[in-house]
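This briefing covers selected helix packing and pocket features of one protein. Please view the sequence and structure below before reading the points that follow.

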Amino acid sequence: MKKRVLALLLASIMILALGLSGCTSTASEPAAAEPAAETSEPVAEPAQEPVEVSFWHGYTPEKTEVLDELIARYEAENQNVTINARFVASGEEMLQKVQAALLSGEEPNMLWGYPTWTGVLESSGKLVNLGQVMDSEWKADLPEGILNAGAFKGDIYSVPIEAGTLYLIYNKDMFAEAGIENPPTTWNELYEDAKLLTKGEQYGVWLPIAPNERTTWTWETFLWQNKGEILNSDGTNIGFNNVAGLEALEFYTKVIQDGYAPTSVGQDPFIDEQVAMVYATQGAANAYINKFEMNVGVAMLPGKEKLATGLGSNHYFMFKSDEAVEKATLDFMKWMTSGDNHAEWAIRTGYLPVSDSARTSERYQSFGAENSHMIEAAKALTYGVARPPIEEYPKVSNVISATIEKIVYGEMTVEEGMEKIQKEADSIFK
């Protein structure tokens with residue numbers, strides 16, 4: 001009896017279930033109604049609020065034309081964003097205009113400039129700490145030396161957009177005549193090759209001694225290769241009054257004093273074939289090869305304790321604004337410094353790419369197949385070290401180069417020269 005009642009109850013439930021199904025479909029339609037949802041119109045995403053980013057730069061008309069093309073492409077990909085880029089001034093005049101704008105509250109959202117401005121701009125309190133907002137993928141795409149070029153007091157306040165570097169440029173014909181097959185890779189090889197290449201009015205290498213930044217920048221590569229630093233760990237004084245600094249100063253001046261580098265040169269001793277090797281940038285190599293049609297080779301600078309070279313760069317800065325503008329500014333910065341976009345910028349402007357994704361991109365590698373000197377420069381850039389972005393640096397640089405000249409001419413020993421540099425640095429940093 002109980003089984004019969006249970007059977008009737010189950011039958012009633014099944015009839016009820018079938019009746020409910022009948023409410024959602026008809027006999028002529030397939031039982032499963034889910035596909036109807038797939039054919040419905042996609043839900044439109046809410047429209048993004050328009051964002052405008054003001055961008056001050058100091059590019060030449062030729063570079064501005066390239067920049068405007070890339071901006072137009074970025075805006076096509078990001079239709080709610082407008083990048084209002086305009087030339088304001090070049091060189092130090094730009095810094096003066098930005099300082100005035102910061103005082104009046106009319107600063108741009110984004111600025112192109114030199115990393116040496118960082119200390120001045122940071123003191124305004126309006127500079128965005130980019131190291132806190134850049135994602136890890138972007139940071140990893142920038143070699144450490146290049147990323148740190150935007151560092152100030154341990155924080156990243158700017159991102160490099162263009163770079164140049166020192167590397168070794170040598171005259172292949174002179175090397176062949178001297179029986180040298182490959183460029184030097186160490187200090188000892190540099191000395192020995194310079195010795196072999198010196199004869200009559202021809203010298204092995206040019207190591208500048210004039211009291212200017214070129215002399216200091218060239219010497220600094222020897223300091224960095226010997227694991228030395230320009231500043232001490234807290235940036236309050238020089239950091240090379242030690243064995244690393246003394247050895248770098250001694251080797252640099254010894255090559256010249258021994259007669260393997262000239263003390264007097266014309267406008268360009270490499271073009272004049274006064275020297276067989278120079279420490280110069282990719283721009284010089286480009287001119288020697290394409291303009292003067294010289295038989296030129298290029299290589300990484302010879303090292304000692306490690307490989308290192310000087311890095312010169314121009315940077316993007318961002319000033320504080322509302323969240324949407326800062327987000328758009330940051331996105332545009334990343335777009336310009338990464339991958340194919342940045343490879344195109346580097347190729348068309350003559351700079352070196354700052355990111356690995358641009359340097360290794362198919363576009364840049366194809367370009368490098370016909371411009372191997374640029375590829376070698378881009379490789380050297382990964383060993384680049386930036387000069388300190390502090391106000392005191394120009395004064396320190398002047399003291400270093402002036403001292404090198406005095407040592408070369410025998411007016412003081414290396415040790416006395418270092419004492420002089422330290423004494424003047426104490427006065428500069430007090």
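The axes of helix α11 and helix α19 (residues 414-429) cross at roughly 125° and come within 10 Å of each other. The model is predicted, so local features need pLDDT of at least 70 and side-chain atom pairs count only at pLDDT 80 or more, while totals for chains, interfaces and linings use all residues. Residues are numbered from 1 along each chain as its sequence is written, and side-chain values use heavy atoms, with hydrogens and water left out.

- Axes are lines fitted to C-alpha atoms, for helices over the stretch in contact, with angles from 0 to 180 degrees between N-to-C directions; helices (H or I, at least four residues) and strands (E, at least two) are DSSP runs, numbered from the N terminus.
- α11 and α19 are therefore oblique to each other, the class left after under 35 degrees (roughly parallel), over 145 (roughly antiparallel) and 65 to 115 (roughly perpendicular).
- Their crossing is right-handed, meaning that the near helix is turned clockwise from the far one by less than a right angle, whereas anticlockwise is left-handed.
- Gly 245, Leu 246, Leu 249, Glu 250 and Thr 253 of α11 make the contact (heavy atoms within 4.5 Å) with Val 414, Glu 415 and Met 418 of α19.
- This contact of α11 with α19 has four nonpolar, two polar and two charged residues, where Ala, Val, Leu, Ile, Met, Phe, Trp, Tyr, Cys and Pro count as nonpolar, Asp, Glu, Lys and Arg as charged, and the others, Gly among them, as polar.

**Packing of α9 with α11**

- Helix α9 (residues 187-197) packs against helix α11 (residues 243-257) at an angle of about 10°, with the axes 11 Å apart.
- The two helices, α9 and α11, are therefore roughly parallel, and their crossing is left-handed.
- On α9 the contact involves Trp 187, Leu 190 and Tyr 191, and on α11 Glu 247, Ala 248, Phe 251, Lys 254 and Val 255.

**Largest pocket**

- The largest pocket holds about 890 Å³ of space; a pocket is an open set of points on a 1 Å grid over the protein atoms alone, where a 1.4 Å probe fits, with protein on both sides within 12 Å along at least five of seven lines, and lining residues have an atom within 4 Å of a point.
- Its lining has 32 residues, with Asn 148, Leu 231, Ala 386, Pro 388 and Pro 389 nearest the centre.

How values were computed: Points joined across faces, edges and corners; volume = space filled by probe spheres on them.
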